[in-house]
Amino acid sequence: MEDCMCAKLGSCNLWQGIQFWLYMHPKDFLRQNNTGKLLWQVFGIQAAHLCLFGIQEHEDIMWDAFQRSGKGKVSFLYPNKSTTPMSVKDLKFNGLTLSCDHHEEDVKDGPFNFVLLDGTWSNSAALYRRLKERWTAIWREEDIPCISLSTLSASVMHKLRPQPAWDRTCTAAAAAGLLWELDMRSELSAFEFGKQAEAVECSLDVLLDALTARRLRLGRSITRKQRHNTNCI
């Protein structure tokens, strides 16, 4: 309880037209520094869903949701894997009624589903292969719709856990970056994605403070050796 940070986290409503899916490697589920779980606490489990890699029941629930929405409303936040790379500006939101109200009737034919691969970069390849196999089995297409962020910046978590390359970041920071880029699209400005991105970034600050305080209390180092050559901060 001395290290518990839950009471310091604020909640925020994710616009009902989108859903996050955390496709998480089992080894990451119990990591104290896993940032994907922050999305549950900020947006709630009805907006940020957990799918554990290799758990068939979890995976069936996720893919059933994708099929209800349709393949045009599924994107995987994973860089440089599609034959034709896409960015947030390439996403089509033609099925939405643009209003400021966060009501279910504003979403036609199901929400847009964003899949966040939540695991170390070394095991993310296994996550990606399994997603691609299931996509191909359902929709008979080899290429799955991956998107990359255009304005990605270093997460505050880099202070404790540097990434292996400048264009890689933690799961929660990737979600915040996605929301910021959605907010920059003028036709989506009414949905307050910027406010939702700020809520995620604030939760990262809380997690960083909690992990730093714990390490100091236990007499551990609060820095990690940089593993990439370019300083992205």
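## Charge, core and salt bridges

E198, E201, D205 and D209 form a negative surface patch; a patch joins like charges within 9 Å, among residues with over 30% relative accessible area and no salt bridge. Asp and Glu count as negative, Lys and Arg as positive, with His and the chain ends not counted. The place of a charge is NZ of Lys, CZ of Arg, CG of Asp or CD of Glu. Accessible areas come from the Shrake-Rupley method with a 1.4 Å probe, and for residues only the protein chains shown count as cover.

The model is predicted, so local features need pLDDT of at least 70 and side-chain atom pairs pLDDT 80 or more, while totals for chains, interfaces and linings use all residues. Residues are numbered from 1 along each chain as its sequence is written, and side-chain values use heavy atoms, leaving out hydrogens and water.

D209 lies in helix α6, residues 193-217. D209 counts as exposed because its relative accessibility is 52%; exposed means over 50%, buried under 20%, and partly exposed in between. Six helices and six strands make up the protein's elements, taken as DSSP runs (H or I, at least four residues, for helices; E, at least two, for strands) numbered from the N terminus. Along the sequence they follow the pattern β-α-α-β-α-β-β-β-α-β-α-α.

Of the 233 residues, 48% count as buried. The largest nonpolar core has 46 residues, of which I18, F20, F43, F114, L178, L179 and L182 touch the most other members. Helix α6 gives this core its largest share, nine residues. Such a core is a set of buried Ala, Val, Leu, Ile, Met, Phe, Trp, Tyr and Cys residues joined through side-chain atoms within 4.5 Å.

Side chains of opposite charge can pair when their charged atoms come close. The structure holds eight salt bridges, each a side-chain nitrogen of Lys or Arg within 4 Å of a carboxyl oxygen of Asp or Glu. Three of them are listed here.

| D3 | R214 | 2.6 Å |

D3, in the segment before β1, and R214, in helix α6, are 211 residues apart. A network of salt bridges links E2, D3, R214 and R217. R185 counts as buried because its relative accessibility is 12%, whereas E187, at 34%, is partly exposed.

Note on methods:
Patches are made of residues with over 30% relative accessible area and no salt bridge: like charges are joined within 9 Å, nonpolar side chains (Val, Leu, Ile, Met, Phe, Trp, Tyr) within 5 Å. Buried means under 20% relative accessible area, exposed over 50%, partly exposed in between (1.4 Å probe, protein chains only).
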